[in-house]
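Here's a quick walk through one protein model, with an eye on its sheet and its charged pairs. Have the coordinates open as you read.

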Amino acid sequence: MKGLYYSVVARSKLAARSSSLAALRRALGRLPLVGGALLAAKRSAARLLLPSELTWVQVESGLAQGLWLLLDLDVEGGYWIGAYETKVQDLLRRLCAPGSVFYDVGTGLGFFSLAVAHRVGPQGKVFGFDPETENTRRFRQIIVRNSFQDCVTVVDAAAWSYSRDEISFQRGGRQRTYGGVVADGVRPVLAEGEMRVVKAVSLDDFAGQGHPAPDVIKIDVEGAECEVLRGARQIFSRAKPALICEVHHSGAADWIANWLAEVKYVADWHVPDELFPRLLFAEAAPLVWPQVAIRP
């Protein structure tokens, strides 16, 4: 009964944050008194209606259906319901088959890593890259709970354009998945936490250490996607993995379009009404196709 109650509350929170209500939220938020009152009421309601501690739940639907996750239901209910980034779930369902190798760059809590592990089976391999210790600590607990120790490897490092033992990283605040590297003119778009030092590794270096090359790469690194791709040129030129990437600003979109053309990939851009972040799906161009990338 408790699980049903939490599920209803989580679904209500997701409905309130839906795109169909975005215009109303923006209009109310611009009113000096109403906007502040609504924010305070929302936070108070969340504290009263949902547990403050991390809670084990089973994913209700989608690619990760039936898997166990350890969640803060106030801000992570979408994982539980299975409604988190459904377009990405659909792509991974199509691209990942038994035995596939998956690089999950910006793993967060490991939702996509676990979902793909469930799909690729014991012959497949999943590598999750994330330098945020609170994410990886919980991710490891979730791996054990779902018995994926032989399939999923946690890489405690930020994927970057080069490998380095120490690089600056800003934590995400309460939403730990918003953290990112601060280097080479790049900053995470939504991070609001403290600074720390983490390890960085390029995907080319990682694969060069004897790890299997990926069939699919998913990148979600809060604005640092260009740096990740700069460090994966050999992988894309040789292994030709499919790419799923969240792109956070116009400069990155333009650079990535040119980069895809250079490595002979074609792109499909899913652009929301607010323009960014947008979802990119790209695959190696068949030899009979024009060797260009579709502009975002």
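## The sheet and its salt bridges

This predicted model has an open sheet of seven strands, ordered 5-4-3-10-11-13-12, with mixed pairing. Strand 5 (152-155) and strand 12 (265-270) sit at the edges, each pairing on one side only. From one strand to the next, the twist averages 15 degrees. Helix 5 (residues 86-95) packs on the sheet and touches strand 3, strand 10, strand 11 (242-247), strand 12 and strand 13 (278-284). The direction of helix 5 makes about 15 degrees with that of strand 13.

Strand 3 (residues 101-105) and strand 10 (residues 216-219) run parallel, joined by four bridges. Valine 105 is the residue opposite isoleucine 219.

Now for the charges: the model has ten salt bridges, including these:

| Pair | Closest N to O |
|---|---|
| Lysine 218 and aspartate 104 | 2.6 Å |
| Arginine 140 and aspartate 156 | 2.6 Å |

Lysine 218 lies in strand 10 and aspartate 104 in strand 3, so this pair ties together parts 114 residues apart in sequence. Both lysine 218 and aspartate 104 are buried.

Glutamate 132 and arginine 171 are buried too. Salt bridges with shared partners link Glu132, Glu134, Arg171, Arg176 and Glu194 into one network.

What about arginine 140, buried or partly exposed? Arginine 140 is partly exposed, because its relative accessible area is 37%, and buried would need under 20%. Aspartate 156 is also partly exposed, at 39%.

Finally, Tyr178, Val189 and Leu190 make a nonpolar surface patch with about 240 Å² of accessible area together.

Notes
Residues are numbered from 1 along each chain as its sequence is written. This is a predicted model: local features need pLDDT of at least 70, side-chain atom pairs count only at pLDDT 80 or more; totals for chains, interfaces and linings use all residues. Side-chain values use heavy atoms; hydrogens and water are left out. Patches are made of residues with over 30% relative accessible area and no salt bridge: like charges are joined within 9 Å, nonpolar side chains (Val, Leu, Ile, Met, Phe, Trp, Tyr) within 5 Å. Accessible areas come from the Shrake-Rupley method with a 1.4 Å probe; for residues, only the protein chains shown count as cover. A salt bridge is a side-chain nitrogen of Lys or Arg within 4 Å of a carboxyl oxygen of Asp or Glu. Two strands pair if DSSP finds at least two bridges between them. Helices (H or I, at least four residues) and strands (E, at least two) are DSSP runs, numbered from the N terminus. Axes are lines fitted to C-alpha atoms, for helices over the stretch in contact, and angles run from 0 to 180 degrees between N-to-C directions. Contact means heavy atoms within 4.5 Å. Buried means under 20% relative accessible area, exposed over 50%, partly exposed in between (1.4 Å probe, protein chains only).
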